[in-house]
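Hi everyone, thanks for making time today. I'd like to walk you through one structure, so please have a look at the screen.

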Amino acid sequence: MMRRLGFYVVAAWVALTINFLIPHVLPGTPVEAMLAQHPQLTASAVKALQLQFGIGHQGSLLHQYGVYLDHLFHGNLGVSTSAYPATVASVLNNTMPWTIALVGTATIISFVLGTLLGILAGWRRGGRFDQLLPVFTFLQATPYFFLALIAIQLFANDWRLFPGYGGASLGVNIGFNGPFISSAISHGILPAATIIVTSMAGWMLQMRNVMITTIGEDYVLAAEAKGLSTRRVMFTYAARNAILPNIAGFALAIGFVVAGALVMEIVFSYPGVGYELYNAVTQDDFPVMQGIFLAISACVLLACLLADVIYVLADPRTRRRAAF
Amino acid sequence: MSVAVAMPAETAAIIPRRGQFLRSMPTKAKIGGAILALFVLIAIIGPAIAPYDPSATNPNAFAAAGPSAAHLFGTTTTGQDVLSQLLVGLGSSVLLGVLTATIATFLSVSIGVTAGFLGGVADEGLSLLMNVFVVLPALPLLIVLLGYLPHSGDLATAIVLSALGWSWGARVIRAQTLTLRSRDFIAAARETGERTWRIVVFEILPNEVSLIAANFVGTFLYAILTSVALAFIGVANFSTWNLGTMLFWAQSANAFSIGAWWWYVPPGLTAALLGMSLVLLNFGLDELGNPRLRDASGRRRRRSPAGLWRAAFAWLAAPHRPHPRWTGRAWRPTDPTPVERAERLA
Amino acid sequence: MIPGSVNEAAPDRALDERKPVLEIRDLSIVYRAGNADVKAVDHVDLSLAPGETVGLAGESGSGKSTLALGATRLLRPPAVITGGSVIYRGGRVAPEGVEILDQNSKQLRKLRWREISIVFQSAMNALNPVLRIRDQLGDVLDAHLDLGREEKRERLVMLLDLVGIPRERLRSYPHELSGGMRQRVMIAMALAVDPEVVIMDEPTTALDVVVQREILAQVVELQQRLHFAVLFITHDLSLLLEIADRIAIMYAGRLLEVGTSDQIHNRPAHPYTRGLLESFPSVHGARIELAGIPGSPPDLRSLPPGCPFVPRCRHAGDRCRDIDMRPLPVAGSGGSHLSACPFVTADTPGMEGRRGRATPAVAVAPQERQS
């Protein structure tokens with residue numbers, strides 16, 4: 001367990017360091033581009049940028065690295081050039097909650113649904129379910145945003161069921177109040193549904209495959225031989241074991257989920273981190289881009305760590321007990 | 001080995017022999033392969049058969065026009081022919097995919113096999129590297145990296161994509177190499193003094209061919225999807241056409257709110273189909289590499305590159321024989337063994 | 001006395017001692033693969049009397065496990081039962097006999113475990129790795145008996161005591177137990193709801209010899225106490241000679257010989273049996289050269305007509321291709337000894353073996369054997 005924790009620390013460190021090294025190592029000099037786009041930056045801002053990107057003689061690389069780390073641990077991620085004078089940290093503060101709410105709930109729902117469907121599909125192999133497999137395969141391979149575009153066209157434009165953009169209606173005060181929450185939910189349904197539909201297919205197919213393998217195991221046969229109810233055999237003997245590799249795979253899949261969600265936000269103009277990233281790219285706002293990378297990395301690492309913890313709890317073979 | 005699994009040791013004899021094995025290849029793999037081949041073909045000849053120059057604008061055009069005789073897939077808001085863009089763009093996307101897949105597969109295999117074969121500290125270090133790269137979110141990092149290299153051509157983009165896409169395949173290859181390494185025939189090869197590189201190239205790699213192929217296909221898929229996503233976000237080389245840039249322009253011209261479906265559906269659908277064909281192909285390769293389908297005696301199968309080629313084309317040519325169906329509805333795991341008899345005993 | 005055990009209920013059950021508790025008649029099982037059917041079990045008759053131990057011996061691929069699992073309808077596609085009958089006569093639910101091949105899954109569920117249970121070969125694989133022992137033992141109690149919490153706990157403890165495992169192990173997971181312990185748990189599990197028949201599919205093959213001995217001794221002792229019948233499947237004939245009352249020999253899906261242990265050991269009527277007997281050393285008696293049986297088991301897809309043992313049999317001749325493989329009574333045995341070879345008897349030259357009428361390989365105390 002400590003090993004896993006150590007791993008995540010190392011991974012986080014790698015992310016930080018890469019983030020630091022990129023501007024110092026890559027040949028591009030974005031600072032000029034940024035200044036060109038935003039001539040309104042004050043002198044101190046320019047100096048801060050230069051510090052962040054290592055322009056001019058700021059001392060040795062190691063020294064700059066130290067400064068970078070120091071800033072980082074004080075929550076200073078730099079200043080956004082496009083939203084000047086807003087800091088990167090404040091930008092993140094505004095956008096992260098939207099993304100986490102959307103992606104978090106959508107991922108959980110799609111995992112649960114996909115797993116349940118996968119259990120059924122694996123159990124009833126060769127039945128009617130299998131005829132749906134090509135559909136699911138197609139869904140899994142479809143790029144998120146394509147489905148999103150179609151969804152917008154159909155649901156938002158043609159049928160006017162849900163709003164096609166934004167996180168909540170304009171003019172509604174942000175906060176834990178009724179109108180805001182209902183507006184947020186109605187704006188969130190299409191993006192969430194798109195994420196759910198595509199990623200659910202992936203979970204389902206994976207679960208089905210593992211389920212089929214697990215059903216071939218001796219302990220499932222033994223459970224049948226014991227005369228247990230179908231439900232118990234299917235869930236407690238087969239599914240309970242089949243789900244383990246999927247939990248492990250969750251950590252690996254998070255990367256794809258995040259990527260898809262980012263693009264999704266752009267399509268829906270949903271005010272989350274992805275949309276912000278899109279804006280930052282078009283305006284060459286490198287501090288924000290890098291800040292977002294760090295924030296996303298942190299979230300992904302946390303999610304993976306969580307998945308690891310759940311796995312250890314779920315699989316008794318991983319726990320080391322004092323042997324008798 | 002358990003007896004009650006569908007292929008018990010007692011009936012090892014009935015696992016299809018080599019010739020029949022190919023014929024029992026799942027249909028989906030063949031479909032995937034066929035679609036992919038079609039796309040690759042189009043990608044190669046695309047630029048030659050495109051009716052218009054994809055970048056040629058029509059100064060008279062004021063809005064995007066739907067499909068017509070002159071423009072099979074309609075035009076963009078600046079009068080550019082969508083079909084031509086698609087044909088040229090497909091080629092660019094496929095090329096990028098192939099480049100990335102090649103570089104990344106090379107990386108995955110070399111690092112994966114090294115880690116798996118050498119073991120010990122080298123393995124620990126390389127595994128750490130692999131796992132860190134697997135966990136880091138690729139897309140945001142790619143955006144940042146490519147943002148610093150705005151005018152990179154296909155090769156540079158491919159390199160960057162590979163740099164973040166090799167880790168997943170390397171893990172898989174490493175796992176398989178670890179398993180193979182502990183098998184007897186490797187120990188035997190070592191005992192006879194065969195040199196390490198020879199062992200790796202002639203003993204280990206041939207047994208991983210299907211994995212490597214699956215890795216290639218998987219990375220191809222990743223490259224396509226990611227490059228389209230990146231272009232869509234606006235991080236790409238806009239001097240050439242590819243599926244992603246088409247979508248980018250469509251998005252920035254608000255194609256979907258003005259209902260110009262002919263602009264964004266073709267590239268999106270193409271990307272989706274291309275992706276799907278790769279996924280199907282991957283499934284087929286998975287089942288090919290699944291040890292349960294192998295000869296029950298555990299004899300290792302040497303698959304020479306020529307053999308694999310032959311196998312690939314045999315798939316497409318041979319008719320698919322379906323699995324036998326059971327009486328009534330499909331069998332479920334807690335169903336009892338079916339009984340079929342001509343007459344019943346009293 | 002174990003509450004609710006078979007022993008205790010014995011006076012209530014009007015069992016006709018002549019009627020077998022499990023009667024397999026003319027059973028045929030095939031594996032459908034593509035267009036070719038492979039006959040895994042071909043017209044086999046076998047019966048089990050109440051409390052009896054019948055051994056089923058044969059090489060890998062002989063169909064012995066398929067037979068046992070098929071009789072309980074636990075085989076999976078592509079296996080299909082194509083003929084015969086399997087009648088179970090247990091005093092508790094079916095004294096007149098019930099045809100297993102006609103039961104639907106609900107009915108089978110009632111029969112399974114409570115009447116017929118199975119001990120699988122590899123306990124590590126047959127135990128659910130994510131459930132504690134008490135849960136795995138407990139769920140079969142829940143499925144078949146209606147016990148209160150206290151009663152259930154007591155029974156669980158009793159079951160572990162029965163096989164000599166400390167009761168703290170109820171909280172353990174399978175991977176925390178040793179191989180021998182796991183197999184004992186499997187046995188306890190098989191006996192949990194007091195079956196009439198216990199099928200043991202190579203229960204000790206995966207264990208080392210010492211543990212094997214202990215487990216077998218335990219099984220014999222339990223059988224004496226609880227009076228269940230055992231169908232013991234193994235490739236190790238020497239084992240069966242010690243613990244089985246009757247032994248059946250299978251080869252390529254067919255029954256070659258059936259008889260009591262004495263008959264099989266002292267007067268084998270089939271060349272294959274003689275070959276098997278020559279394949280293991282005897283602790284007592286003269287040292288002999290092990291002969292074994294030349295050749296290898298046949299490919300079930302392409303069996304020759306007539307007797308499948310022909311390629312490896314030193315007594316084979318052209319006449320062997322025309323026989324119909326039904327085991328026939330051996331002269332002088334009163335019908336208790338059957339052999340599928342009509343041409344050879346125990347007295348045929350070449351059938352006497354090298355050790356003559358020796359005693360079994362390892363001496364077993366007389367009281368451990370049921371008469």
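So, how many helices and how many strands does chain B have? Chain B has 12 helices and zero strands, where helices (H or I, at least four residues) and strands (E, at least two) are DSSP runs numbered from the N terminus.

Some housekeeping before we go on. This is a predicted model, where local features need pLDDT of at least 70 and side-chain atom pairs count only at pLDDT 80 or more, while totals for chains, interfaces and linings use all residues. Residues are numbered from 1 along each chain as its sequence is written, and chains are lettered from A and ligands numbered from 1 in the order in which they are written.

Let's stay with chain B. Of its 346 residues, 47% count as buried; a residue is buried if 20 or more other C-beta atoms lie within 10 Å of its own, exposed if 12 or fewer, and partly exposed in between, with C-beta atoms placed from the backbone. Take the contacts in chain B between residues at least 6 apart in sequence: 73% of them join residues at least 24 apart. Contact here is a matter of C-beta atoms, placed from the backbone, lying within 7 Å.

Now for helix packing. Two packed helices are described by the angle between their axes and the distance between the axes. The axes are lines fitted to C-alpha atoms, for helices over the stretch in contact, and angles run from 0 to 180 degrees between N-to-C directions.

Residues meeting here include B:L230 and B:F232 in α9(B), and B:L247 and B:F248 in α10(B). By class, this contact has seven nonpolar, four polar and no charged residues. For the classes, Ala, Val, Leu, Ile, Met, Phe, Trp, Tyr, Cys and Pro count as nonpolar, Asp, Glu, Lys and Arg as charged, and the others, Gly among them, as polar.

And how do α3(B) and α9(B) pack? Helix α3(B), residues 82–118, makes an angle of about 135° with α9(B), with their axes 8 Å apart. The two are therefore oblique to each other. The contact of α3(B) with α9(B) has 10 nonpolar, eight polar and no charged residues.

Over to chain C. An open sheet of eight strands has the order β6-β7-β8-β3-β9-β10-β12-β11, with mixed pairing; strands pair if DSSP finds at least two bridges between them. In chain C, β6 (116–119) and β11 (328–329) stand at the edges, each with a single partner strand, so one side of each is left without a neighbour in the sheet. Helix α2(C), residues 64–71, packs on this sheet, touching β3, β7, β8 and β9 of chain C.

Last, some backbone details. The peptide bond from C:P77 to C:P78 is cis, with omega near 15°, and C:P78 sits in the loop between α2 and β4 of chain C. C:H43 is not a glycine, yet it has a positive phi of about 50°. C:H43 is placed in strand β2 of chain C. C:E202, in the loop between β7 and α8 of chain C, has a positive phi near 45°.

Key:
Contact = placed C-beta atoms within 7 Å. Parallel < 35°, antiparallel > 145°, perpendicular 65-115°, else oblique.
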